[in-house]
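I would like to take you through one structure, from its overall surface to a few individual side chains. Please have the sequence and the model in view.

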Amino acid sequence: MTLLVLCAGIPAVAADIGGDQGWYRVHCNIDGADVYFDGTYMGTTYNGILDVPVYTTGTPYSTVRVERSGYQTYTGKLPGEPVKGDIADVYVTLQPVETVGSIYVTSNPSGAAIYLNGNYRGVAPLTIKDLVPGTYTLEADRSGYYSDRTTVTVKAGKQSDAQFTLTPIQQYGSVSINSNPSGAFVYMDGVYKGRTPLTLSSVSAKSHNIELDLNGYYDWKTTVSVTSGVTRYVNAQMAAVPPATTGAIDVVSSPAGANVYLDGNLQGQTLSGGVFTVSNVGVGTHTVKVGLGGYQDYTTSVDVRGATTSYVSAALQPAPVGATGSIAVASSPSGAEIYIDNAYKGITPLTVDGVAAGTHAVRVALAGYSDWSTSLQVGAGSTASASASLSATPTPTAAKAGMAPFAVVGALAVLGFAAALRKRD
């Protein structure tokens, strides 16, 4: 197979067209490009073209490759093979190979001055373009931060990335703290530092939260802004807490849901995963009882101080099998009859002992009042409580009571009128 190369202005192909041959005409935007069919060299373009003769009776070609130094190689498929005496056109455009690259630079915080091989190039974020492939040194500078340096490799036609995370230059000052009265506990940003009077050195130059605590005084708080190389002064005038006559008791039970009694009076039930708080408890010693069905009562003494909270943690123990409990019944007004499972037990207020563990019906009755009833779960070794608020039964109104005399008088008048009629007859 022979090659036919056309020069500009010379229609060399036309003279040879005929026989069993056809032609591929390769059009290229670059002169001097080498053309390959199925990997076989076919010639070099001149004046933008190369004519390649093919025999129509031979094995057809399928691929074309065109290449030249400094350009990206083109690879594609050939169009259908030309028929005898015809020309099939193939169009190829070669793209130049990029010879430069770039670097995209960012900094945290942004605004750092960027130097490339010691030369200032701008402020991050920025893109440094038109760099010859190779390795470069980058440096980032920003006021108040330590400088940072790195190396970046640039490749032709590629963008490299560089990220600087700058470390702040730590600056320090001092804080001198005094209180009236002295001896207050000092906390800076939630961390205990000591007691007044107190001077803290090597404090970072920024804003800090200061808190002073002293028993019998309200907490004192402020914010202080520390400057590098400067001592800041804090003077706290502590305000005394007025004396209190009541406190509180927080009660936790395991298991939860137990009744809480203060000095024998039911206050409420412990919460699941939380506490039951008895508020406004007078200063002094009190008895706290915690009871739950199926568990033995827990009883303890608690000292309550003014404006403070005392704590009770009751770990309830299971009651022995077959043991009994008690039911404490009170009513308003008192003096009502108590019936447990319809059996009379006495007059309120009363604690009925020896009650079998389990559920029992409680009824409270008092003349002139509606009966009150409830159901109680009695645990072995514990006391269940019921407090009945009785409602008075309604009485006849005065108007209805006064109608009876008038009715009698009316009846007598009718009887008298009937008697007079009989006398006339």
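Predicted model: local features only at pLDDT ≥ 70, side-chain atom pairs only at ≥ 80, totals over all residues.

Of the 425 residues in the protein, 34% are buried.

As for secondary structure, the protein has two helices and 35 strands. How much of the contact set with a separation of 6 or more comes from residues 24 or more positions apart? Such pairs account for 53% of those contacts in the protein.

Let me turn to the pockets. The largest pocket has a volume of about 170 Å³. Which residues line the largest pocket? The lining consists of N215, G216, V241, R305, G306, A307 and T308. By class, the lining of this pocket divides into four polar residues, two nonpolar residues and one charged residue.

I now come to the charged side chains. In general, side chains of opposite charge can pair when their charged atoms come close. The count of salt bridges in this model is five, and I shall discuss some of them.

Consider R149 and E139. Their side chains meet in a salt bridge, with a distance of 3.1 Å from N to O. The pair links distant parts of the chain: R149 belongs to strand β13, residues 148-154, while E139 belongs to strand β12, residues 134-141, and the two residues are ten apart. Is R149 buried or exposed? With a relative accessibility of 56%, R149 counts as exposed, because the cut-off for that class is over 50%.

A further salt bridge joins E67 to R65, and here the closest N and O atoms are 3.3 Å apart. How accessible are these two residues? E67 has a relative accessibility of 25% and counts as partly exposed. R65 is likewise partly exposed, at 26%.

The last pair I wish to show is K289 with D297. The side chains of K289 and D297 form a salt bridge at 3.9 Å, N to O, which falls within the 4 Å limit. D297 has a relative accessibility of 24%, so D297 counts as partly exposed.

That concludes the presentation, and I welcome your questions.

Conventions:
Residues numbered from 1 in each chain as written. Heavy atoms only, no water. 1 Å grid on protein atoms, 1.4 Å probe; cavity = no way out; pocket = protein on both sides within 12 Å on 5 of 7 lines; lining within 4 Å. Points joined across faces, edges and corners; volume = space filled by probe spheres on them. Nonpolar A, V, L, I, M, F, W, Y, C, P; charged D, E, K, R; others polar. Buried < 20%, exposed > 50% of the residue type's maximum accessible area, 1.4 Å probe, protein only. Helix = DSSP H or I, 4+ residues; strand = E, 2+ residues; numbered from the N terminus. Contact = heavy atoms within 4.5 Å.
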